[in-house]
Amino acid sequence: MIATALAAVSRLIAGPTVEWLCDPSSEAQRIYFGNHSSHLDFIVIWSALPPRLRRRTRPVAGRDYWDRGTVRRYVSSRVFRAVLIERGQAAGHNGLVAARESIQRMSDEMGDRDSLIVFPEGTRSPTGEVATFKSGLFHLSRLRPDAELIPVHLENLNRVLPKGEALPVPMLSRVVFGPRLEMPAGEDKQAFLTRARAALVELKAV
Amino acid sequence: MVLFEDRPLLLLVSGVVTLLVVASIVGSILSRRVTSGSARATVDNINARIRAWWVMALLFMVAATTGRATSILLFTLVSFLALREFVTLAPTAPGDHRALVWSFFVVTPLQYYLVWLEWYGMFSILIPVYVSIFLAVRTALAGDTQRFLERTAVNQWGLMICVYFVSYVPALLMLRIPGFERQNVKLMFFLVMVVQLSDVLQYVWGKSIGRHRLAPSVSPNKTWEGLIGGVLTATLVGAALWWATPFSPGVAALMALVVTTMGVAGGLIMSGIKRGRGVKDYGALISGHGGVLDRVDSLCFAAPVFFHLTRYFYVN
């Protein structure tokens, strides 16, 4: 209920046009990966999904932000069943271990039913330019080769609600769900991340 | 409801409904006749437009005949949607964010609140004077000086076209014309009907006998034949509607000629802005027409001129 209301408000504010280059109603488990420039990104992607699929599509979000305060905690855990992960770990061996754990958690939380929405840049881009991807998406895709990788390009949301602003400007935006990203066996991390980012950026021209 | 006390108004409403029924019948006949591919697309587009006309005309007529509050609300919504399309297209920078929040959530409602108050003195200068100064200062305070003049100009012009000019349509309700008290809703009907019919008639004339392009780089579908045919027939329609206005038939014709000419100018100006940004339509909200701004572009520029002409000559 709350989720549907939030989705309606976000549609009113961001006025998204939605385009699908893959099957919107597919029952397959999916990992949607989008470019990140605004707090509205997740909810706009989520509300663009067919209602039936929304309940089993969960965002991955930073614990440092979304586990603070009653409202945020309620929204992230109860309304959207977010998978909360640690961000900005220490460098070196400890950081690596923590990152591995986070990826494992994402994969576990997906189970055999849920899909995820992730933002592989790791943080919001202030300009709308797509930054280089962190390696999480690569490891997740190796852990879950059964899930479909779907790039999602979001346009104009950085102008609707940029980083650091509390009030949105109700502009029109566009969401493009791209075709499934293939995963050839044996591709190395860097090549995969570059290709995944390119597949996302490509959708801008659609 | 004024509708049933005011015979001419009832006539206007029935006229619009009749027109739409006829259009729908013609549309379905065309749709059955046509076989070739390209003509098919044109006919489908015409039918989509006719369906959208039903929705728009009914919305307008219900809002206008229900009362002042609903008329003002309808045009507040139109302004809001139009401004949103305009700003989406405009090259704004992050430094404009706060100024834009003000434009949408404070300036737009305030302008229509002034229409509601019938405070003509403030209504007519709020955006051109106070808001233009305030928003420029707000943008300056944001500190980003890159393309400063361009950005403040864009913001200001967006408000002028989408909010200030559009608000002149319901503002017609505040004019006190001797002998025409409490009947101003018909002035609104006159303006909206003549301008929108002129758009349709230009399209019809252009499609049937259009040869010579008017401004190919700005608006490729506009032709001289369409323009002259549309403006002249819309002027005749305006003259024929004189009984619904405080004007004599001759003055009604002149008024119609002026507002349709303004409408053509508005269409060209807004096309120019679109082409300059490399798009064909402002949005996709109204199927077959494009965005809200694509539909009201001619109205924007006709409304203030119609208002001031009527005010100058008919309000003492």
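## Basis

The model is predicted: local features need pLDDT of at least 70, side-chain atom pairs count only at pLDDT 80 or more, and totals for chains, interfaces and linings use all residues. Residues are numbered from 1 along each chain as its sequence is written, while chains are lettered from A and ligands numbered from 1 in the order in which they are written.

## Chain A

Chain A contains nine helices and seven strands (DSSP runs numbered from the N terminus; helices are H or I with at least four residues, strands E with at least two). Of its 206 residues, 40% are buried (20 or more other C-beta atoms within 10 Å of the residue's own, C-beta atoms being placed from the backbone).

The C-alpha atoms of chain A occupy a box of roughly 45 × 40 × 35 Å along the principal axes.

## Interface of chains A and B

Contacts join 12 residues of chain B to 11 residues of chain A (C-beta atoms, placed from the backbone, within 7 Å). On the chain B side, helix H3 (68–89) and helix H4 (97–117) each supply at least two residues.

## Helices H3(B) and H11(B)

The axes of H3(B) and helix H11 (residues 292–314) of chain B come within 9 Å and cross at roughly 110 degrees (lines fitted to C-alpha atoms over the stretch in contact, with angles from 0 to 180 degrees between N-to-C directions). H3(B) and H11(B) are therefore roughly perpendicular (65 to 115 degrees). H3(B) contributes Val78(B), Leu81(B), Ala82(B), Glu85(B) and Phe86(B) to the contact, and H11(B) contributes Val292(B), Leu293(B) and Val296(B).

Methods:
Two residues are in contact if their C-beta atoms, placed from the backbone, lie within 7 Å. A residue is buried if 20 or more other C-beta atoms lie within 10 Å of its own, exposed if 12 or fewer, and partly exposed in between; C-beta atoms are placed from the backbone. Angles under 35 degrees count as roughly parallel, over 145 as roughly antiparallel, 65 to 115 as roughly perpendicular and the rest as oblique.
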